[in-house]
Every structure is written in structure tokens, then in C-alpha cells.
Amino acid sequence: MKKALLIINPTSGGEKALDYREKLEDKAGQYFDHVETKITQKAKDATEFAKQASEEGYEAVFAFGGDGTVNEVISGLAENEHIPRLAIIPGGTGNLITKLLGISQDIDRAIEELDFDSTNRIDIGKCNDNFFGYIFSIGSIPQAIHNVDIEEKTKFGFMAYAYRSVKSAIKDETFKVHIKTEKTEYKGDASHVIVLLSNFIGDKKMFDHNRVGYANILILKEASLASKVGLIPDFLKGALVENDKIEFFEAKEISITSDRPLETDIDGDEGDRLPVYIKVLADHIEVYSPQNQ
């Protein structure tokens, strides 16, 4: 019997996620013999639901929510002997992971285009005891994003993030950071550190080079607003790593320490404070692809 578990964050989709429950169940029922739905009520519910599905031999787990919900599901799947395939329906504010995978940002279309005969494997990162499917970062902008509450996200969407990010960028400052990998070491000032499991931010390509099993590490060395504005032309033409204000390298294993216990971000939610140790798990999770991809 082919079994699938649907995990729905009810605050997703502008707090209308449950309106799509029947449609998603019908779609899953076209392929799976048994479809079960669980609704999250608090933090880490999605992790526990996904872990239980792995232990019970489910073939697939669906995550309907934003990047935080997807992160929780990945965390519940990552360390099990049996890892179900993952289907993602975008219901959050950023939905960066789904943009990276080419999944439609229209919920109805994303459900309709799910193809259970087509999958891609993705890398995931392990940061201390936590997992991420897309991005780890340090700096004032992720700290500002953590202060956006559910009410702001529902009312203003992505603009709530943009407003807080711009405010924090104006007041930005540098910190001392020590980053050590299996081949490279950086000691010096930084205003932001980003560890990406892709060469895209959302659907925008930042640079050409990207290897399976490696994280891309970008360090913005200066804090001034002028230095950030100066990145825009290179960002727009997909040549961000060529800017002399950026330190760039790739690695499989990364140790990051600082002169203070800085806050970190994992897939849009608050992670451990420094120090951290990050390891890339290559091709670790199989994700359903949209039709015609």
C-alpha cells in the first residue's frame, strides 16, 4: 500500500491553507492508496509528523506552508533510515525553496502540476543539530526578518520583510568572523555571511558555478549602505561573486565562530547562536518535480 502524509500549516496561504485541503487530498489520492492529513498547531509539529511518517514507511510527505514549515519537515525526514519523497506546496511569504525548484507560486497551479513520476534530489545542510534546505545566514537583515510576526506577514506579505531589511541595512555594522572549511580559511570583518545550497536566491541566479554536495559561502566584508548599493549591478547580471566587496568560496564542511554569540538564520527562522558547524548532505532528499520540468 502506497501511503502519503499531508502536513498543512493553517496560517499559510494568507491563512487560507485549509481551503485547499480537499483539493490536495484529491490530488494525492490519484496516486496513493492511503492519504492522511495532519494540521500543525505549534512549532515543531511538522518535524514530529514527518519523523513519524518516515518511521512508519510512508512513501511521501507533503509540506504545505512557507520555508519554515518546509524546514521543519526536512528536519523530521533527514536522519531516518527510510526517507519518504517530499512534495512541497508554497504557502509562505518568501517560498524561496519552491522558487528554486521551479514550483509555481500559485497554490492551485502548484497542486495541479505535481508529478508523482518525476523527482529531483536536493542537498540539505546540517547546522549543529538543525537542518536546512536552502540557506544559512548571519547579519542584521536575518535578525530583522525574525522580528516580523504572523500578523505583519499576513497583512503585508513580502513587503513586511523588505521594510525591516532596509531599516536594518541602514544601521548595519561589522563583526569579527572566523570561517574554516576543509580547504579554505577566512578571518576578518563581515557584515553578512550567507551559506547557500544553490547559486540562486529565489528565482534569481547570482553566479554560474554550483556543485552538488558543496555549499556556496558569501561574505560581505563591509557594512556601509554604499557598499550594499554597489552590489546591485553585479547581482542583477548574475556576477555577484566577482564584486571585490564579496569573499566567495565553496565547501562541504564549515566551522563558523565570532567574537560574540551572534544570532543566525536557517531557512528564514532563528537558528543557533555562534559557534556553528555546518555539513552538506549531498542529494539527500528526493523532491517531486512539477509537470513538464
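Me: How many bridges join E3 to strand E4, and which way do the two run?
Reply: This is a predicted model, so keep that in mind throughout. E3 covers residues 60–65, and E4 covers residues 85–90.

Me: What handedness does the β-α-β unit of E3, H4 and E4 have?
Reply: Helix H4 takes up residues 67–77 and belongs to one unit with E3 and E4. The crossover in that β-α-β unit is right-handed.

Me: How many of the six residues of E3 are buried?
Reply: In a regular strand, side chains alternate between the two faces of the sheet. In E3, Ala60, Phe62 and Phe64 point one way, while Val61, Ala63 and Gly65 point the other way. Both sets are buried. The strand is mostly covered, and the count is six of six.

Me: Why does Ile111 count as buried?
Reply: Ile111 sits in helix H6, residues 107–112. The cut-off for buried is under 20% relative accessible area. Ile111 falls under it, so it counts as buried, because its relative accessibility is 1%.

Me: How far apart in space are Ile111 and Lys27?
Reply: In sequence they are 84 residues apart. Still, Lys27 is on the contact list of Ile111, together with Tyr20, Lys23, Leu24 and Ile89, once neighbours within four places in sequence are left aside. From C-alpha to C-alpha, the distance is 7.1 Å.

Me: Which are the edge strands of the open sheet of six strands?
Reply: The order is E14-E13-E10-E7-E16-E17, with antiparallel pairing. An edge strand here pairs on one side only. That picks out E14 (246–251) and E17 (269–270).

Me: Which residue in E14 stands opposite Leu220?
Reply: E13, residues 215–220, pairs with E14 in the antiparallel sense. Six bridges hold that pairing in the model. Across from Leu220 you'll find Ile246.

Methods. Residues are numbered from 1 along each chain as its sequence is written. This is a predicted model: local features need pLDDT of at least 70, side-chain atom pairs count only at pLDDT 80 or more; totals for chains, interfaces and linings use all residues. Side-chain values use heavy atoms; hydrogens and water are left out. Buried means under 20% relative accessible area, exposed over 50%, partly exposed in between (1.4 Å probe, protein chains only). Helices (H or I, at least four residues) and strands (E, at least two) are DSSP runs, numbered from the N terminus. Two strands pair if DSSP finds at least two bridges between them. A crossover is right-handed if, with the strands pointing away from the viewer, the path from the first strand over the helix to the second runs clockwise. Contact means heavy atoms within 4.5 Å.
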